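I wanted to go through the strand pairings in this one and jot down what turned up. Notes follow, in the order I looked.

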Number of protein chains: 2
Amino acid sequence: MENKFVYSFNEGSKDMRDLLGGKGANLAEMTKIGLPVPFGFTVTTEACKKYYSDGKQIDQTVVEEIKIKLVELENVMGKKFGDPKDPLLVSVRSGAPISMPGMMDTILNLGLNDETVIALAKLTDNERFAYDSYRRFIQMFGDVVLEVPMKEFNKIFDGQKAKVGAEFDVDLGTEDLKTIIVGYKKLVKDTLGRDFPQDPQEQLMEAITAVFRSWGNDRAILYRKLNDISESLGTAVNVQSMVFGNKGNDSGTGVAFTRSPVNGERSIYGEFLVNAQGEDVVAGIRTPKPIHEMAESFPEAYKNFEHIADVLEKHYTDMQDMEFTVENSKLFMLQTRNAKRTAEAAVNVAVDMVNEGLIDKKTAVLRIEPDFVEHLLHPRFDSDDEDKATPIAKGLAASPGAAFGKICFQAKDATELADKGEKAILVRQETSPEDLAGMVVAQGILTAHGGVTSHAAVVARGMGKCCVAGCSAVAIDEDAKVMTVNGKKYKEGEFISLNGTNGNVYEGMLKLVPPDISGNFNKIMSWADEIRTMKVRTNADTPKDLKQALVFGAEGVGLCRTEHMFFNEERIPAIREMIIAKDEKSRRVALAKLLPFQKGDFKEMYLAVGDRPMTVRLLDPPLHEFLPKTKEDMQQLAESSGVPYDVLVAEAESLKEFNPMLGHRGCRLAVTYPEIAEMQTEAIITAAIEASAELGKDIVPEIMIPLVGEKKELMNVKATVVATAEKCMEKADKKLEYMVGTMIEIPRAALTADEIAEEAEFFSFGTNDLTQMTFGLSRDDTAELIRGYVDKGIYDHDPFKSIDRDGVGKLMKLATELGKKTRPNIHLGICGEHGGDPKSIEFCNSIGLNYVSCSPYRVPVARLAAAQAAIKQGK
Amino acid sequence: MENKFVYSFNEGSKDMRDLLGGKGANLAEMTKIGLPVPFGFTVTTEACKKYYSDGKQIDQTVVEEIKIKLVELENVMGKKFGDPKDPLLVSVRSGAPISMPGMMDTILNLGLNDETVIALAKLTDNERFAYDSYRRFIQMFGDVVLEVPMKEFNKIFDGQKAKVGAEFDVDLGTEDLKTIIVGYKKLVKDTLGRDFPQDPQEQLMEAITAVFRSWGNDRAILYRKLNDISESLGTAVNVQSMVFGNKGNDSGTGVAFTRSPVNGERSIYGEFLVNAQGEDVVAGIRTPKPIHEMAESFPEAYKNFEHIADVLEKHYTDMQDMEFTVENSKLFMLQTRNAKRTAEAAVNVAVDMVNEGLIDKKTAVLRIEPDFVEHLLHPRFDSDDEDKATPIAKGLAASPGAAFGKICFQAKDATELADKGEKAILVRQETSPEDLAGMVVAQGILTAHGGVTSHAAVVARGMGKCCVAGCSAVAIDEDAKVMTVNGKKYKEGEFISLNGTNGNVYEGMLKLVPPDISGNFNKIMSWADEIRTMKVRTNADTPKDLKQALVFGAEGVGLCRTEHMFFNEERIPAIREMIIAKDEKSRRVALAKLLPFQKGDFKEMYLAVGDRPMTVRLLDPPLHEFLPKTKEDMQQLAESSGVPYDVLVAEAESLKEFNPMLGHRGCRLAVTYPEIAEMQTEAIITAAIEASAELGKDIVPEIMIPLVGEKKELMNVKATVVATAEKCMEKADKKLEYMVGTMIEIPRAALTADEIAEEAEFFSFGTNDLTQMTFGLSRDDTAELIRGYVDKGIYDHDPFKSIDRDGVGKLMKLATELGKKTRPNIHLGICGEHGGDPKSIEFCNSIGLNYVSCSPYRVPVARLAAAQAAIKQGK
């Protein structure tokens, strides 16, 4: 690496993102291709890393380089820092290699002081503008750099407004602003014991340091944690000469997308404010105008902007999210980046760009965030229901989708509700990064302030979560936990419904219906299917789930949990009778009652799945799970079974376990009660024989033995399965191929997979249990603990969400290697929750699994993730 | 291998045990060194394996070889099979490579038939003897080879006795025997539809086949399972010409040891019967005479026998167990083998033989079964007393030793009894930490549930207290204070006696014999100490345990469980106060109360252990374990704490876990409540500082962080420990070296041991938890399951008793390798129950652990086992 810590904008390019940050790299790129970017320079992420490794000290080398670049900037601009005639003013912005919206801090108008403010007033012939800029600068610098509480500044500002009877900020005159500035400076002096810095160089160094410092603030750390961004990246700092959108009515500022981030429509989408600086748009304090109205306000600049937008999209071959300022009718580009977008927009933009010849299919497939695909599959409101309902308010359609839930006014209330398994709608004046945790768990978000690019809107779209923003009809009292709409009060805990696609807010609960999957979605999916090498199966326990999954493109069933069939009202009495049976004979009587149900279910599933593979797992949970939980139900069972209540209670008591997770379950049941495995095998094999005949297809049942930890355990149960299967086939006078395999869900199974593969024809990784046992963590008991560990940085992520590669993954890799050593053609899959998680799917592809299996709604996610993994790993 | 399936006795030697079996090899050896052994041959174990691999068919090659050897035998003996004048008679005996007493079957007098019996009568001039031999042969052959039930033969025999009014067998005359023989032959014909075989060659082939078959009978399979003998060994068959101990009063038979198998005394020890065949001695039908009386009965033969015993012991350099027959005053040796012996005898014989120059010290050390050593440390029942008593029930031999006392069903009742100076036996369904006080004062513990690693068993072994666990024949009503065994009720206060070495439970009081640790024991131990390379530490939670362990030779403490200090009556209120504290501040108030107790305990232990190492583990169990279990106790806590009962109950409820084993415990507590780790660290460090000063020795505390699964978790807690330790040292103005390490007890810790070793200065394998998680088996719930698995041959052994090398061992080996890669001098030990198990100790030695740690009474076992491992592994 070159030993250089500061780059002018004309020295960089978009490929230098790691060093210059995203913003810096893109400013350099725009400069390189000749777009109108106010000149400046970037202090690199290396300087930031050095700052931290030096114990939060800016290195003198860095300081010297900044000074040199500052001189260069002064020369280019023909202005000087602190010049009482024509002062250079700059903005100072953070820019990390990975976009972290709202996480880092920005200073505008740096270089203003008691002298230069006068020069600015003269040069612009606008004294009010100059003093307003100065007071904004003191306030922003005071807050962000000097860490004087913003509310103290606001007190002074609002005090002055009240004093002169000003309704809006613009009602304040120049003298008022001067009075406020005096107050601000006194506040700084009183708080810190030193004057507000007047030397622009000192201001600049302090501001750069503050940006570096802000990399380590709590909000930034939380954001990185939530978004899996490495702590070691560091941020760059961009120092750019100021342009002013608040110079009058021929000035303005805005943000825009090259296409719609909501649905991908090919037309510039965005908003702007006349006579305003950038933070007014983002902060959602004033409500901006739609971008196309800019054609009236600044016709020349708008034409230019349309052209630049087109250039940028072609240059980056991706949809762009841009910031700009118009100063006295002249357009300046302040930022461009690849735009965040909804799932729908992502799909449409990707397909459109392939059609436009901008990108190829692989690129298109890589452009879709697999996790977002699920949002396309999620419900919307039933249109009849919605047509009949009258919205109580209408806000901005900030993030599409629909949701209902109980009103919550605080992030932590939403978290509490969610922990109880209830649905929450987070209602806030506007959201800030502090609300992130609540937004994650909420069904939807409603804000009173802010536009479609406000924090709430951006974050909600990022999460693919429905959001209605800027709904000013809603008066919110966050402390009293009540919102008032048209005079009617809605308290915490009451239900509301949100439609993020049209911005409507409704009282109560509206009916949700499943979504309609568009043609572009299917196109992307078909491209993904061409590319991927791993198969995608589904976890389905009922014919209904299976059929849904097949619609979503499942190529078979990776896990059919037979026990879920037992909980049905018709069947539970027989299974209970089986459990309380005192001997094998009476157990067999009860099992005989279950047989027709199981066989019927399997047959229906086989008829649906046809000759696609279906893995059926033998009974897994401990038997006590099937016994009644309440005294009443127990008494009922006593009556219906004829077994005395006391005997039943004693039996239930004796089945109780201290650690049921590690108890008498899985194949251990089949070792103890082979007759259960016999019944299940009979149901599977006879169902397959009958379905084969009806379909005229060769069905190959896959029978999976769970919780195996030792080869001889598998042998024991396999012997029962094989003997029963042979008997059934003999009886039906029909030969059927079938496979017997096992789950790898106990660490010991992974460690001895070479031995187990001698008996198992396939392995299916049960990563839920494997994670529990490898970590010694019960999922049922440690959700809060894991959250705490992630917050403290002890775990990078929740290992139940995404496979822990260092531990669980090591075991999986070992098991695949050992398994293949014994049986080179062993079939390998995964059926834990992780089978639907893109990062885990990528890992599964890397260790050579043949398929992943996941819940029906995750099937498209998995198809896409498997394709992306294949592209990234070149296989 | 030579393609030869049959060996004459003069073709083999003692080194051919695998091929000829133990008995055959020793018969060959005795033949080789010129001792009087009736000639014969051995059909090899290879022939047996071939029999099984051929689907239970004797190969024709084997048959031909047998015929050839039979001719050789006829030539040597000068007799012919089936010769109506001078018939050859043989015995057919099984003999596996590893002694399996009582498991295999024996046939005597083979070759007798309706013709040869007449010849035998003439030759011996003893018709009664001949016909008695014949009826015995038919009976034995009929039972063992033809599988006609023995009880049918007995019916005929007893019928004849009754008919003629014979009181004893000897009262039957020749004609009676002839009648019986007719009945026996009819029985065979009626049962099998064919005649009793008259052709001796046919008899021989059938008998050999029966021996092979018996290798696969249920008793044999069970024995092999129980004794860890491979199924693949096979058995040999010995065919030996008969000599007769029942030829009259100058004949006899006997068994004897070269020294006493009870105490090792150097004097022939055994018994004999005049005019009897071998099975009469073994079967215990007639009461034999002490061996030294043989000097009167057969003076010449006895003198010869004394000489041979001496020759054999010197030849084998070990104490021998011999069988012999005297036929017409002539001595014949039928068997010799290394003798089984009690722990006391083993120790004495080994030391004596070293003194006699027969063996060296290493051999002496290898001669002691380590598991038996513990028996020497505990009181026993007087063997005469116990022989006479009939057990009322049998449970698991959970902790060795013997005890009697009054039945108590509650810990506090035991305490009350003990306070009165009376002896108590604590009888519980199962014990929990709340019973500790009662266990401390009880003489012994009896539980109805739980296995050898249940709470009761583990704690009892730690205390060196006798325990019978899992005694399911005992139905306990703890509330009614009565236990029922076989329908008989035993109330509180009645006496019972427990033998924890064999699991027997007796009514009333049996006489106790105190342990006698002789000088020879200490001698063997000192030899073991010279040889072994692994250190032996103890698991001790109290100064009392520690002092006991130091007496037994412990070289430090490998595990001090701090939580055991908390259950004391004085301390539990403070820990409960800590648990129910609503915030950190009040938690600190409660912890401050605990600090002096913990510090005091640690100091007392440091004063005892001095500068030997002591590893203290931070709090491990989930907090709910410390809360009251009964409503009454909960109400008391409410009163004493001032916290409302409802709040307390809710708090206890919220702490409950579905799988506490995998829940909020271990270092997870310290991550959530760093103040607990702070208090414990302060107690450890200040105690060490004070003890160092008082002793004038440098104590190096070892602080162990439990349940770590991730490096950053360890870093988190270590930071708390280090900060606190530094603060304490600063306060005391005294520098102390100390170490921070971790337990490896979670699979993930083993898998990421390289990373963890970056932070840990030592690893201690917690193999109890590691086994639970690697197998996915909760030992509290699966004792019965594991028993079933061992019975079914699914597990070779209980993995909680001895380390599972294929799974858990693989993880341990990986962890030691990864740990050493990061930190070559990392200190490695084990503190799970396995640390006291000889086979596990051998494994620990093989993977290079520095020490094992076990309960005090296992320390001598471990010292010996470590020495044996070092000898066997050459290190």
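**Strand notes**

I started with S33(A), where Val852(A) is the bridge partner of Ile830(A). From S32(A) the chain crosses through helix H34 of chain A, residues 838-846, to reach S33(A), and I noted this β-α-β crossover as right-handed. A reminder to myself: this is a predicted model.

Next I checked how S32(A) and S33(A) run. Strand S33 of chain A covers residues 851-854, and its pairing with S32(A) is parallel, over two bridges.

Then I looked at what else S32(A) pairs with. Strand S31 of chain A (residues 762-765) pairs with strand S32 of chain A (residues 827-830), in the parallel sense and over four bridges. I picked out Phe762(A), whose bridge partner in S32(A) is His827(A).

**Over to chain B**

Here I traced an open sheet of five antiparallel strands, ordered S8-S7-S6-S9-S10 (chain B). Strand S8 (289-290) and strand S10 (330-338) of chain B are the edge strands, each pairing on one side only.

Which strand does S6 of chain B join through six bridges? I found strand S9 of chain B: S6 takes residues 252-257, S9 takes residues 320-327, and the two run antiparallel. Within S9(B), Glu323(B) stands opposite Val255(B).

Last, I looked for a helix on the sheet. Helix H12 of chain B (residues 299-316) lies across S6, S9 and S10 of chain B, and runs at about 25° to S10(B).

Terms used
Residues numbered from 1 in each chain as written. Chains lettered and ligands numbered in written order. Predicted model: local features only at pLDDT ≥ 70, side-chain atom pairs only at ≥ 80, totals over all residues. Heavy atoms only, no water. Pairing = 2+ DSSP bridges. Right-handed = clockwise from strand over helix to strand, strands pointing away. Contact = heavy atoms within 4.5 Å. Axes fitted to C-alpha atoms, helices over the stretch in contact; angles between N-to-C directions.
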